[in-house]
Amino acid sequence: MSADLLARAMTATRVLDEAGRLLRGVETPDGAMLLDGYRRLILARRLNDQAGALVRQGRLAVYPSSRGQEACQIACATVLADRDWLFPTYRDAAAICARGVDPVEVLTLLRGDWHCGYDPVEHRVAPQATPLATQLLHAVGVAHAATLRGEDTVVMALCGDGATSEGDFHEACNFAAVFAAPVVFFVQNNKYAISVPLARQSVAPSLAAKAVGYGMPGIRVDGNDLAALNLVLGEAVARARSGGGPSLIEADTYRIEAHTNADDATRYRTDDEVAEWVARDPLSRLRTYLTGVGVLDESQEQEFAAQAEEMAAQIRAGVGAETSVNPDDLFAHVYTSLTPQLIEQRAALRNELTLEEAS
Amino acid sequence: MINELPKMTMAQAINAALRDAMTADESVVMFGEDVGTLGGVFRVTDGLTRDFGENRCFDTPLAESGIVGLAIGMAMNGMRPVVEMQFDAFAYPAFEQITSHVAKMSNRTRGRLRMPLVIRIPYAGGIGGVEHHCDSSEVYYAHTPGLTVVAPATNTDAYGLLRASIESPDPVIFLEPKRQYFSREEVDLTSAVPPIGRAVVRRPGRDATLIAYGPSVPVAITAAEQAAAEGRDIGVVDLRSIVPFDDETVCAEVRRTGRAVVVAESAGFASVASEIVARVTERCFHHLEAPIGRVTGFDIPYPPPKLERHFLPGVDRILDAVDALQWEPTAAPVMS
């Protein structure tokens, strides 16, 4: 591995600085693509806020917010082609929505109607993974099957900094590298695994630097810089699609909110630390840049805000709608056909419910 | 002239099933540790890489969670993977992938993502293996809803049940009794593929029924033959599938004989044998002449080679259990 590659694993790639200025020597990013990305950031932020509100109203059991990580969410979904696959975790609802899945279907898991509320095959989005890092291996499998059939599908596999400690992270990186599988491992390093800080997960020079051990490129990128994320993830996708194998991308970002509503982040981090990252907000950085170069104006801001409000209203209506759950569903999909035992148990439950109704 | 069936070992029968499945369906792929050039440590995949190419039968890095996780993703993307866990106890690193994903994927996606994959596991003891090579791990899988658990006991069934398992739209844990790998029997490759979930009566009996699966079936048959020499007509039911469980066939036999012993090699506590006793008792209580007996391994880790004969359920223990099935009319209680 050349010194240049290692350097890219250590120093985060940036396009815009924290004040929203284009860095010197960097190619000017495509304005129209960034403007659409900005619109999507607004929607993602609104999704996070709306879902959080629905938890407080008791409409959702829980919501792991990606506030502060919206640029990562949007970039990883929008660099993919329709035929590609996304493997999200529980914190990646905004990425799934950016892939075109109805937000109400995404939130079904958290509303408690069923485990996965969307059609993974139609959208080419795997069910949100709650166990850590297990889905990375499935991503490698999807990619390897595509390679064996001669297809040029790319798979984007998401995880957080905590998940890089799991054995399956290691196995997935190694399998992907050995099979030259078209996978992009995208680690959103948001600095905490619930309460445990990065220093307790790893003392590697960077998470991206772990790629060296697997023989694949590892690249660190500013996770609050949409232009840089588009660039780095786009390169990794292109490399995978052309047969160049997997990459490991680490986004340097921050989880602004607590792990979930059930968590109390004040027990393990300071307000000052959070404030430092709020100042690096991915939305305001991009807004400053786009306004400065004349791509974004006030009327577009209003238009995007209106789109976000419309989406939020649809989420409120959809999540708030009374849904009926069918107890028969408990048995329907455990196997392709019901076993004799499940037929017996379903009959017993039906009988119980009939008696309950009669009384 | 009588057409003689070919004689082959169980390893060869399984190899034939893999070959025939791979020939019939291009989406069937085989992978695991040492299954490529070497042909597997038990030679079950002998020649598959040579004959089907490296894309159809290949070695993976040495990581069981990785192997099963890879299979899940390939099944999500249109393949029918068959994977080999080298030994029963070496499958445990894949436990999370099996229980949290293989077993649940269909249910959590309302059947949208099915898992048509087979996890082949050489299992159980009797080969003089050192530790971690002889576990009877069936109960872990049988306890997990969503998994089908199949355990062939004959070479013909090893062929037929593996074909059925590969064709199944649901994930199958395929438990291969490793001490029978090199036993040679006549194998009928042309007989109808046995349906998963149906037990078979290996030997009809009038007086009592032995219920067994996998490597315990030949032991049970030997015990029944010996009992016959002593004047007792003992039947043997081979479960073939642990999940789904064939209550119908098992209970019909027990109702007919009124006496039963379950034979299984794994530790007995909270085992498949316990489950069989419980469910057959619930369904057949009024036909029973005696409590159902159990002959299982002790509740200990699998013993070292020089002690394994004391652990394995053998013919004598089975016959003792049959003898204990209250054959004499119960004496009237003595009033004190």
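**Conventions**

I number residues from 1 along each chain as its sequence is written, and I letter chains from A and number ligands from 1 in the order in which they are written. As the model is predicted, local features need pLDDT of at least 70 and side-chain atom pairs count only at pLDDT 80 or more, while totals for chains, interfaces and linings use all residues.

**Entry 1: chain A against chain B**

I looked up the contacts between the chains, two residues being in contact if their C-beta atoms, placed from the backbone, lie within 7 Å. I found 32 residues of chain A in contact with 37 residues of chain B. On the side of chain A that touches chain B, two or more residues come from each of α7 (120-123), α8 (134-148), α9 (167-178) and α17 (340-358) of chain A. Helices (H or I, at least four residues) and strands (E, at least two) are DSSP runs, numbered from the N terminus. I noted that α8(A) gives the most to this side, with 11 residues.

**Entry 2**

I traced an open sheet of five strands in chain A, with the order β1-β2-β3-β7-β6 and parallel pairing. Two strands pair if DSSP finds at least two bridges between them. The edges are β1 (85-87) and β6 (218-222) of chain A, each of which pairs on one side only. On average, neighbouring strands of this sheet are turned by 20 degrees against each other, direction ignored. I followed β6(A) to β7 (residues 247-252) of chain A and found five bridges in the parallel sense. Within β7(A), A:D252 is the bridge partner of A:D222. I also saw that α8(A) lies across β1, β2 (155-160) and β3 (183-189) of chain A, and runs at about 170 degrees to β2(A). For such angles, axes are lines fitted to C-alpha atoms, for helices over the stretch in contact, and angles run from 0 to 180 degrees between N-to-C directions.

**Entry 3: two helices of chain A**

I examined α3 (residues 70-78) and α12 (residues 226-241) of chain A, whose axes come within 9 Å and cross at roughly 35 degrees. From α3(A), A:A71, A:C72, A:I74, A:A75 and A:C76 meet A:L226, A:L229, A:N230 and A:L233 of α12(A).

**Entry 4: domains**

I took the domain bounds from an automatic or database domain assignment. Chain A is divided into domain 1 (3-325) and domain 2 (326-359), and their C-alpha centres lie 39 Å apart. Chain B has domain 1 (7-186) and domain 2 (200-323), with C-alpha centres 26 Å apart. In chain B, 25 residues of domain 1 are in contact with 21 residues of domain 2. I found that α6 (138-142), β6 (148-150), α7 (155-167) and β7 (172-177) of chain B each supply at least two residues of the domain 1 side.

**Entry 5: a sheet of chain B**

I traced an open sheet of five strands in chain B, ordered β9-β11-β10-β13-β14, with mixed pairing. Each of the edge strands β9 (200-203) and β14 (293-297) of chain B has a single partner strand, so one side of each is left without a neighbour in the sheet. Strands β10 (residues 208-212) and β11 (residues 234-238) of chain B run parallel and are joined by five bridges. B:I211 stands opposite B:V237 in β11(B).

**Entry 6: backbone exceptions**

Most residues other than glycine have a negative phi, and most peptide bonds are trans. I recorded a cis peptide bond from B:V243 to B:P244, with omega near -5 degrees. A:R124, not a glycine, has a positive phi of about 55 degrees and lies in the loop between α7 and α8 of chain A. A:R124 counts as buried because it has 22 C-beta neighbours inside 10 Å. B:H132 has a positive phi near 70 degrees and counts as partly exposed, with 13 C-beta neighbours inside 10 Å. A residue is buried if 20 or more other C-beta atoms, placed from the backbone, lie within 10 Å of its own, exposed if 12 or fewer, and partly exposed in between.
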